[in-house]
Amino acid sequence: MDFSLNDHQKLIRDTVRQFMEAEVRASVKDMEKEERFPAEAIRKLGEMGCCGMLVPEEWGGPGFDHVSYVLMLEEVARVFTALSTALGVTNSAVQAPLLLFGTEAQKKKYLRRMATGETLGAFCLTEPAAGSDAAGIQARAVRVGECYKLNGTKTWVTNGSVAGVLLVFCKDRSRRGREGHQRVSGGTGIRGFRAGAA
């Protein structure tokens with residue numbers, strides 16, 4: 001099996017490395033000290049296609065392969081690990097489930113903006129009492145018409161303060177199954193839910 005990179009993968013690696021060295025490295029210490037989100041770097045990386053690398057072209061992404069995606073994350077993490085985490089969450093933890101399980105309307109509404117970096121995604125699983133144990137979460141979802149009303153507390157929500165799309169884990173007691181576990185997907189049902197809000 002040949003593990004060498006192809007020319008396109010090398011170009012992505014080198015382009016991201018050059019960007020991170022030239023435009024981000026000098027400001028990392030200040031951003032960390034000031035606890036400032038790297039919005040400008042995200043915007044520029046979005047223009048380069050790094051905010052939705054695995055999103056197919058039909059949804060506004062470049063449709064890159066997984067090796068290219070990982071090379072991008074490596075180059076970003078080499079300079080600023082927190083930035084690579086923000087990119088990893090929006091690319092993998094939010095866009096991937098949306099691609100696999102989202103409705104056509106949800107994909108149309110969210111994926112294009114996420115692929116360009118205009119909107120970031122946040123993954124809302126961890127809770128103060130349950131940690132990242134999905135079976136132990138206490139957040140609740142109650143269906144109200146076509147939407148869900150959410151009630152609960154989340155913590156450690158990467159991109160939480162800046163995200164436009166939140167993938168929220170919660171329980172719906174009206175459903176049968178393992179303690180009412182329910183995947184609640186998108187739309188206006190999650191609008192207005194804030195990390196840390198009860």
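1. What share of the contacts in the protein with a separation of 6 or more comes from residues 24 or more positions apart? Such residues account for 69% of those contacts, a contact being heavy atoms within 4.5 Å.

2. This is a predicted model, in which local features need pLDDT of at least 70 and side-chain atom pairs count only at pLDDT 80 or more, while totals for chains, interfaces and linings use all residues. Residues are numbered from 1 along each chain as its sequence is written, and side-chain values use heavy atoms, with hydrogens and water left out.

3. From the N terminus, the order of elements is α-α-α-α-α-α-β-β-β-β-β, with helices (H or I, at least four residues) and strands (E, at least two) taken as DSSP runs. Of the 198 residues, 41% count as buried, where buried means under 20% relative accessible area, exposed over 50% and partly exposed in between (1.4 Å probe, protein chains only).

4. The structure holds 12 salt bridges, each defined as a side-chain nitrogen of Lys or Arg within 4 Å of a carboxyl oxygen of Asp or Glu. One of them joins R17 and E75 at 2.8 Å, N to O, and this pair links helix α1 (residues 7-24) to helix α4 (residues 66-79) across 58 residues. R17 is partly exposed at 35%, whereas E75 is buried at 4% relative accessibility.

5. E47 and R43 meet in a salt bridge at 2.4 Å, N to O; being four residues apart in helix α3 (residues 39-47), they are separated by about one helical turn. E47 is exposed at 60% relative accessibility, and R43 is partly exposed at 37%.
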